[in-house]
Amino acid sequence: MEKITFNSLVVEETQKNQFTRRIAQRSTDDLPDGDILIKVHFSSLNYKDALSATGNRGVTKNYPHTPGIDAAGVVISSKKGDFAKGDEVLITGYDLGMNTSGGFGEYVRVPADWVVKLPKGMTLKESMILGTAGFTAGMSVFRVIQDITPQDGEILVTGATGGVGSIAVSLLSKLGYNVVAVSGKKDASDFLKKIGAKDIISREDAADKSGRPVLKSRWAGVVDTVGGEILATAIKSALPWSVVTCCGMVASADLNINVFPFILRGVKLFGIDSQNCPMDHRLQIWRLFSDEWSLSYPDGFCQEITLNELEHNIALILKGMQQGRVVVHHNHN
Ligand SMILES: NC(=O)c1ccc[n+]([C@@H]2O[C@H](COP(=O)([O-])OP(=O)(O)OC[C@H]3O[C@@H](n4cnc5c(N)ncnc54)[C@H](OP(=O)(O)O)[C@@H]3O)[C@@H](O)[C@H]2O)c1
């Protein structure tokens, strides 16, 4: 196939542990082998992309590299699987953007078994407003609603203005749950109310310092995106037979609790791994988002940017300052 040149964000290690980012021309010959070549129209910015873009070797081992764990676009050629030229598709997770050139380039080449056909009723852009963050929120909410109904009580969402948190708040609210949002952003209450939070508590109030093994119980469910003291407090404050999900570690990867919430209150703690989510569950979550979970967003929820504007947004997300979602639009001029 004829070589195509295109724009990419390229992260380079200029000196040991010093990384720079620039927009560079690359070609399809630079992409890894794979079954399906995709012209990417949209990607999105996730916390993990910011780690990859700043040289975090827990995410990306080898540089130069193009991050972007999400991509949505059109199949250019396919050697395998049930995909044809022109199909609209999306990819979230697997190795995309980690050690496989990702969606911050205008083309990706990937194995067929990473690729999801764009669900009917969803546009490429809508799929990337969700992206990995939304998909992870969907997996978390799916876990909670298996056991918990809106009548069972309030659901706590932590990191509530961030990507995963804000989609979780929006979705739970759409499904009729009373959502209490934890946020560190003092001026975010209008935003959180608009996406459906009934109540807001500060990070400080959400992190108990007493060291007690269990606390007064309040939450019928918890979608945690931050880890650390806030997750520990949420587990200790969960109602009997409640469901807690855990996906992130922006506050801390540590979890300092003991077994009492589990053996005295039957609290269930579920880990969420969106990267390696099995394909049948993956398709189920995407289908739900295209149908009964279809979300509408208030003005300002999603910011659409180009590759050139990534630098600023990477800095913001690393400082915990992202609010809502950032979609990257490739113009293919
Ligand atoms: N397991 C998985 O499959 C999976 C998938 C996606 C993401 N994740 C993880 O989930 C986490 C959130 O991802 P994201 O893309 O939603 O990131 P994000 O957009 O940056 O959102 C994280 C939010 O957490 C809050 N926060 C930031 N720093 C904090 C701190 N030090 N203490 C407490 N809260 C803090 C902020 O919200 P407020 O200002 O509102 O508090 C921030 O907006 C990350 O750790 C990411 O790696 C995991």
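User: How are helices and strands defined here, and how many of each does the protein chain have?
Analyst: Helices are DSSP runs of H or I with at least four residues, and strands are runs of E with at least two. The model is predicted. On that definition the protein chain has 8 helices and 15 strands.

User: What is the radius of gyration of the protein chain, and what does the globule rule give for 333 residues?
Analyst: The C-alpha trace spans about 65 × 45 × 35 Å along its principal axes. The protein chain is as compact as a globular protein of that length, because its radius of gyration is close to what the globule rule gives. Both values are 20 Å.

User: Among contacts between residues at least 6 apart in sequence, what share joins residues at least 24 apart?
Analyst: Burial comes in first: buried residues make up 45% of the 333 residues. For contacts between residues at least 6 apart, the share joining residues at least 24 apart is 69%.

User: Which domains does the assignment give, and what distance separates their centres?
Analyst: Domain 1 covers 5-118 + 299-329, and domain 2 covers 132-271. Taken over C-alpha atoms, the centres of domain 1 and domain 2 are separated by 29 Å.

User: How many residues does each domain bring to the contact, and which classes are on the side of domain 1?
Analyst: Domain 1 gives 12 residues and domain 2 gives 13 residues. The side of domain 1 that touches domain 2 has 3 nonpolar, 7 polar and 2 charged residues.

User: Which residues come nearest to the ligand?
Analyst: The shell draws at least three residues from each of domain 1 and domain 2. Helices α1 (47-53), α2 (124-147) and α3 (163-174) each supply at least two. By class, the shell has 12 nonpolar, 16 polar and 4 charged residues. Of the 32 residues around the ligand, those nearest are G159, G162, S183, G248 and G320.

User: Why is strand β3 largely enclosed by the rest of the structure?
Analyst: A residue counts as buried if 20 or more other C-beta atoms lie within 10 Å of its own. Strand β3 (residues 36-44) is largely enclosed because the buried residues number 8 of the 9.

User: Which strands pair with β3, and in what sense?
Analyst: β4 (residues 70-78) pairs with β3 over 6 bridges, with L37 opposite S77. β6 (residues 107-110) pairs over 4 bridges, and there the partner of L37 is R109. β15 (residues 325-329) is joined by 3 bridges, with V328 the partner of S43.

Technical notes. Residues numbered from 1 in each chain as written. Predicted model: local features only at pLDDT ≥ 70, side-chain atom pairs only at ≥ 80, totals over all residues. Domains from an automatic or database assignment. Contact = placed C-beta atoms within 7 Å. Nonpolar A, V, L, I, M, F, W, Y, C, P; charged D, E, K, R; others polar. Near = placed C-beta within 6 Å. Rg over C-alpha atoms; globule rule 2.2 N^0.38 Å. Buried ≥ 20, exposed ≤ 12 C-beta atoms within 10 Å, placed from the backbone. Pairing = 2+ DSSP bridges.
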